[in-house]
Amino acid sequence: MRERALTVAAVCAVTVLGLTAVAPVAGAAPVAVGGKAAGGKDADFNGDGYPDFATGAHTSTVGDVKRAGVVTVSYGSADGLKLSSASIVSQATPGVPGEPLDDGRWREVSAFGDLDGDGYDDLVINWAERTTVLWGSKDGITGAGTTVAVGNATAANPKALGGTIGVGDVNGDGVDDYVTRGHNGKTYGLSVRLGPMNRTTGGSAGVWFRDTGGLDKLLTSAAFVGDMTGDGIDDVVVSGGVVLGNGTPGAVVFKGSATGLVKSGTFSGLYQYSTYYPSAFGDLNKDGYQDLVTGHADLDKVYLTYGGPNGMSDTLKPRSYSQADTGVPGIEEPGDEFGSAVAIGDTDQDGYDDVIIGASYETASDVATTAKSGAITVLRGSASGITTTGAVTFTQNSKSIPSTSENDDHFGAAAAVLDSDKDGSPEVYVGGNGEDGYKGRVWKLLTGPTGVTGTGATSFHLGTLGGSTGGGNFGYRIAG
């Protein structure tokens, strides 16, 4: 399947997203953030200034409850992640809503941000459209949690649904907001629940809802939050089904503002109706605007949209990448799931963010022994955007990477880039939930002026952090 050139349709009419309930409250000036994770910043759950790292293990046993699921948080420090003092939280932990259930598979690590405005990032766990926020504190993630009030599917209180969840400050008041697809009792659209979120009720300071089907000819399936316009206020990219009235899948960009989301641009392409896409924001061409990369594993592609003052670049067209493109390592084969994970960060210290792409069903060497063992690919940023020049790929068979590629390891199921020790050289973290018979593992790959390297790579699993040494699917979803 060859790459598709994607067109951008300018939208002249400006439409403001209406809001209901409590109006936004003026607050501190917004702070622009750099590109690392899906929300464009690093997670800091204990407020010490070092990035932290969250991992899910949704089939881990809790007490005697099988496959109930846990979430772990490892905290950054001057010496890197402190694995020996990680938080391990489940629905058996005091303060966490609910209780562990057989085959409950409590999951999944979905997003983070400061939803209550207390200065500590909070962790969003999305589980079958029942979403929990685990609150950050000076001690990190301790178990204090609240179920998000999802609404009752009315015009005044639309229901916030599961799937791809975005967290960011879309009204510029200094407090992060909770963004997802929603339903008002009549149609699917975009739901924005404004921070600060109430830690007792899970309610929000206000609600915005947009009927994207009626107003934009787009049936919302996913929402991505990041500052593509470079104005210090986060924007929302909404993807979904029928766009431009012609049945073509596509997306709409809405600029964030104090009074609502302003429709900025519409484009067609790989965006389609699916409720989960891995995503990441970062400045790939160093022009001051965050760019959006999403993974489309069912199509074995990643899709890239460059940011600009109106939400999308006026000069760089959205486009896709696959293993069929010149310079991208590997051979495009159906089912490799190229795009099963995406992450962004400057891995070679040249000032341009780079893209890490997971292909969790890639065969490393031969079908008999390494089917679905997985791989990651690194595409570098440049002044003209992403380039395939110098692209590299890694598997567990790559030099110095711990373990070896085996059937169903799924190395590349998840990925993140963060500088946990703040030494200027970020680490690349790769999840492989099928490792060791689906116990799962996370690998840490180092970076430097020459880019990502296997030299000095290490790995850890749930048992390393003090959790169960049995099954767990550790590394299936990660955030940092």
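Predicted model: local features only at pLDDT ≥ 70, side-chain atom pairs only at ≥ 80, totals over all residues.

1. Arg67 is partly exposed, because its relative accessible area is 33%; the term covers values between buried, under 20%, and exposed, over 50%, taken with a 1.4 Å probe and protein chains only. Arg67 lies in the loop between strand 3 (53-57) and strand 4 (70-75). Helices (H or I, at least four residues) and strands (E, at least two) are DSSP runs, numbered from the N terminus. The phi angle of Arg67 is positive, about 55°, although the residue is not a glycine.

2. Residues are numbered from 1 along each chain as its sequence is written, and side-chain values use heavy atoms, with hydrogens and water left out.

3. A second residue with positive phi deserves a look. Tyr438, which is not a glycine, has phi near 70°. Tyr438 belongs to helix 3 and is partly exposed, with a relative accessible area of 34%.

4. Which backbone bond is cis, with omega near 5°? The peptide bond from Gly195 to Pro196 is the one in question. Pro196 is placed in the loop between strand 13 (188-194) and strand 14 (206-210).

5. For the protein chain as a whole, there are three helices and 31 strands. Of its 480 residues, 59% are buried. The chain exposes about 16,800 Å², and carbon and sulfur atoms supply 52% of that area; the accessible areas come from the Shrake-Rupley method with a 1.4 Å probe, and for residues only the protein chains shown count as cover. Among contacts between residues at least 6 apart in sequence, 56% join residues at least 24 apart, a contact being heavy atoms within 4.5 Å.

6. Four strands form an open sheet in the order 23-24-25-26, with antiparallel pairing; two strands pair if DSSP finds at least two bridges between them. Strand 23 (338-345) and strand 26 (387-394) each have a single partner strand and stand at the edges, so one side of each lacks a neighbour in the sheet. From one strand to the next, the twist averages 25°, where axes are lines fitted to C-alpha atoms, for helices over the stretch in contact, and angles run from 0 to 180 degrees between N-to-C directions. Strand 25 (residues 375-380) pairs with strand 26 over four bridges in the antiparallel sense. Thr377 stands opposite Thr393 in strand 26.

7. Is Glu435 buried or exposed? Glu435 counts as buried, because its relative accessibility is 0%. Glu435 is found in helix 3 (residues 435-438). Its side chain makes a polar contact of 3.4 Å with the side chain of Gln396; such a contact is a pair of N or O atoms within 3.5 Å, where within protein one must be able to donate a hydrogen and the other to accept it, and residues adjacent in sequence count only if both atoms are side-chain atoms. Not counting residues up to four places away in sequence, Glu435 touches several residues, including Asp408, Arg441 and Trp443.

8. The structure holds 14 salt bridges, each a side-chain nitrogen of Lys or Arg within 4 Å of a carboxyl oxygen of Asp or Glu. In one of them, the side chains of Lys41 and Asp121 meet at 3.6 Å, N to O. This pair links distant parts of the chain: Lys41 is in the loop between strand 2 (19-20) and strand 3, and Asp121, 80 residues apart from it, is in the loop between strand 6 (109-113) and strand 7 (122-127). Asp121 is buried, with a relative accessible area of 8%.

9. Arg477 forms a salt bridge with Glu108, their closest N and O atoms being 3.4 Å apart. Arg477 lies in the loop between strand 30 (451-460) and strand 31 (478-479) and Glu108 in the loop between strand 5 (82-89) and strand 6, so the pair ties together parts 369 residues apart in sequence. Both Arg477 and Glu108 are buried.

10. Arg441 and Asp436 also meet through their side chains in a salt bridge (2.9 Å, N to O). Arg441 is buried, at a relative accessible area of 14%, whereas Asp436 is partly exposed, at 34%. Salt bridges that share partners join Lys41, Asp121 and Asp176 into one network.
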